[in-house]
Amino acid sequence: MSNSLIEVNNLKKTFGGLTAVDIKQLGFNKGQLTSIIGPNGAGKTTFFDLISGFQNSDSGDIHLKNKDISNFQPYKIARMGMVRTFQLTKVFDRMTVLENLLFSGSEISNDSLFKSVIKSKSQKKYEENLKDKAKNIMEELNILHMADSYARELSGGQKKLLELARSIINEPEILLLDEPLAGVNPKLAEDILLLIKKLSNEGITILMVEHNIEAVMKISERIVVLAEGSLIADGNPNEIRTDRNVIEAYLGKDND
Amino acid sequence: MKISNKFLFAVFLTGFSIYLVFALNPEGASRILLNLLTFAGIYGLSAIGLNVHFGWTGLLNFGHASFMGVGAYVTLILMPHAAGREGEITSTGLPFIVALIIGILSAALFGLLLGLPAIRLRGDYLAIVTIAAAEIFRLLVRDLESITGGVYGIINYTENLQQYRPNFINNFSESLGFSPSQAWVCLVAWISILFTVLFLKRLNNSPWGRALRAVREDEDAVRAMGKNAVWLKLQSFMLGAGIAGLSGVLLAFNYGSLETTVFVPLLTFYVWAIMILGGVGTITGPIFGSIIFWVIISETDRLAFILFENANGQQLAGVRFLLVGLLIMALMIFRPSGLLGKKEELLLDVK
Amino acid sequence: MLDQLGNGLLLGIIISVASVALSLLYGVTRIVNFAHGEIIALGAIMTLFFSSPVDYRVLFLDKYSPLGYNFALSCILAVIVCGLFGALLEICLFRPLRKGNVGNIAVLVVTIGLSIFIRHLYLLFATGKVQDFPLELQRRQTYLFFDMTPRNLNVLIAGIVVMLIFGFLLTYTRLGKAMRAVRDSEELSSVSGINSDNIILITWISSSMLAGLAGIFQAIINDVRWNMGFLILLLIFAGTVLGGIGTSFGAMVGGFLIGILVQVSVGLPFMEGHTEAKNAVALAIMILILLFRPQGIFGQKERIS
């Protein structure tokens, strides 16, 4: 076993003959902000789906905190402290922003049918605390004024923010962010980027798939480059900037 | 609690439809009203259960009749009754309340069983599976004559409930010319509704209710938040099925004899119509929806007599169903939020 | 068991043709059409209406009936009426719903209402009684392993021929390719210059015509009833699901399998004395298929979930 927080070995996933992911060995260290980049169809989102349990790999294994999670259900992986967001933002459309956060922040035991019927004092108190916590996060992310709006009424960028807020309410150890800046206006993107940086400084391990190379270069401590499912480069932003494989993968595609 | 205009309108419409019963039936209006309110109570209860499935959790359940059926058959079979071609008498059995509880639990268990496919299937597939499972249930009940009485049905069980009928019902019914046994079933149905509504009101704004709504909105996101969406869906299936089971038992007591023709897919569609009319996702909506629905149903017979010179039973039933079909279509197209549903929470644009 | 095979093939051809129609419609429009059974019944009722002889009246249409047309002509007319009815449904109901961005689930509920409505229209205005086509009786004969009347054998052959032609059209003509393009992505195909409205209209028409034909088959083999379509609707769903929803070839094979399964299951030892429950076997198989291989036999995996 290595010291990596997340580690994959010989991970493989194909879709009807097309190789989506084929990674020999890749590990992520605690506390690091790593970006995963690569041309379209490089398998970045599939990689996220695999390690978060939303898809099963064909072969290979995935370890989280030295525990094999290869065939774990997504919710079990999330409970181990690794929370993801989605490329196509998934918020609970017909629930208010506050409800979105309360649901996400609430513990499993608090959600139980039995407790909800009894409505004990302790549950009420828990809910009060949760509400405060949610309000703090909304305030921090500047969406407090929309607390009672339905999530479907939010703009694309605000939905991304809400999804992020939802993901951090339970103080995860690891965040998987799938294109947190896609479709977000530049001003808001700046805010989100600052937030990500801040979360990273607080010690959360962050893996981020993002197309905005400028932003990636600015905040990442480490960059992993995938192309056609395989790992082609791995290093700090400066190394990646000058890596021949990377330039080929990107520019080669453009020149065709 | 703030009373909304929608709520006032629903109350008004319900009051108006009850008035209509009196206006259109110069004679025997109160008896007609009792009959209609009994059915409205039972179907309303069932629709409240369906709303837990569809309105709260987004589960497209078209096998609701089978939950009602399981509740009814299990309860009746456990009590003293007579079943089958020969009317074979089973004179021993559990007391009503024990049998009822087992019946409701069985319906919930059947809900769990039927919910299992829901683990993997999305909307329209689930609709097909549930309606097919309900058909299998119906065919089995028809076939297992030694237990369920098959096509000959079950009789001689009403005393199990009627023995608890309080005296005031007898006096009250006598003065108004009611059937006391139906008045008792009606009362029990509405008491059941009252408790079910109170129970669900408690749950609606609870963390559990919130979790169900989250499942309705996006299962993947629920999973990503570390919640077991499957278990939540199964719980929803069980709760709604249990409520349906109770309503099925009451329906059996209202009919007085139980036949396999009761739990056909059309029963499910009736309940759907009531739920949509009352408001998908609401708790009290189905109550208003059910009363208005049954007034429409019982007064359409008049329409049949206008359409046909001497309408026979088949034609009367035909006109009723014609209207049910039209009602479902028209509501879904023009007012999918029904009487009390919130436009913002509509499941309309679910793809 | 073998003596049930003939019956199985006959039920199979009805379900097969109807499943192909249902699957086509679902593939292109994503509508799970619960009113499909009613279009099937329309085919049978219309044929009865056109062909009924002098001493034979279709209830409530007796002002116009009996027309007493030649039976083959009646069938063709009935299929055309079904096609027109499908077009009517698309133009007056489903197109506006699509333009109004009404979701699939709402449309599914609408088709249920529609199904109840039309079915009881038949009950009231067409035929509340069980009726037969005015065809002479025939004796069963043995072909290979199975027994059936010569007319039913012709139905079987005609059904297979129709489906083969249909499959050919779908695979090799411009129109068929356009249909498949719309099926895969409505937006994409409208970009590439295909008028998806027209394609969907044609899909409705052809699906309804096929359904009407299935109804005629059902009526020849069995009889005409107002609820004949609803009675086999779930078996049609089963056939479609078994083959893989959205694939025409799958629906064709799945429909046959379900038909044979239903009839052959009558001969199974544990089914003795329980013939009423024969449909339950097919439905149970459908549920199992959905649980363990939701894409069906021929479907592609990504269509589900």
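Modeller: Chain A and chain C do not touch; their nearest C-alpha atoms lie 10 Å apart. This is a predicted model, where local features need pLDDT of at least 70, side-chain atom pairs count only at pLDDT 80 or more, and totals for chains, interfaces and linings use all residues. Residues are numbered from 1 along each chain as its sequence is written, with chains lettered from A and ligands numbered from 1 in the order in which they are written.

Biologist: What makes two residues count as in contact?

Modeller: Their C-beta atoms, placed from the backbone, must lie within 7 Å. By that test, 37 residues of chain C are in contact with 41 residues of chain B.

Biologist: Which elements of chain C give two or more residues to the side that touches chain B?

Modeller: They are α4 (104-125), α9 (228-243) and α11 (278-292) of chain C. The most comes from α4(C), with 15 residues. Helices (H or I, at least four residues) and strands (E, at least two) are DSSP runs, numbered from the N terminus.

Biologist: How many residues on that side of chain C are nonpolar, polar and charged?

Modeller: The side of chain C that touches chain B has 27 nonpolar, nine polar and one charged. Nonpolar covers Ala, Val, Leu, Ile, Met, Phe, Trp, Tyr, Cys and Pro; charged covers Asp, Glu, Lys and Arg; the others, Gly among them, are polar.

Biologist: And what does chain A bring to chain B?

Modeller: 27 residues of chain A are in contact with 23 residues of chain B. The side of chain A that touches chain B divides into 13 nonpolar, five polar and nine charged residues. Of the two pairs of chains that touch, B and C have the most contacts.

Biologist: What makes a residue buried?

Modeller: It needs 20 or more other C-beta atoms within 10 Å of its own; 12 or fewer means exposed, and in between is partly exposed, with C-beta atoms placed from the backbone. Buried residues make up 56% of the 351 residues in chain B. For the 305 residues of chain C, the buried share is 54%.
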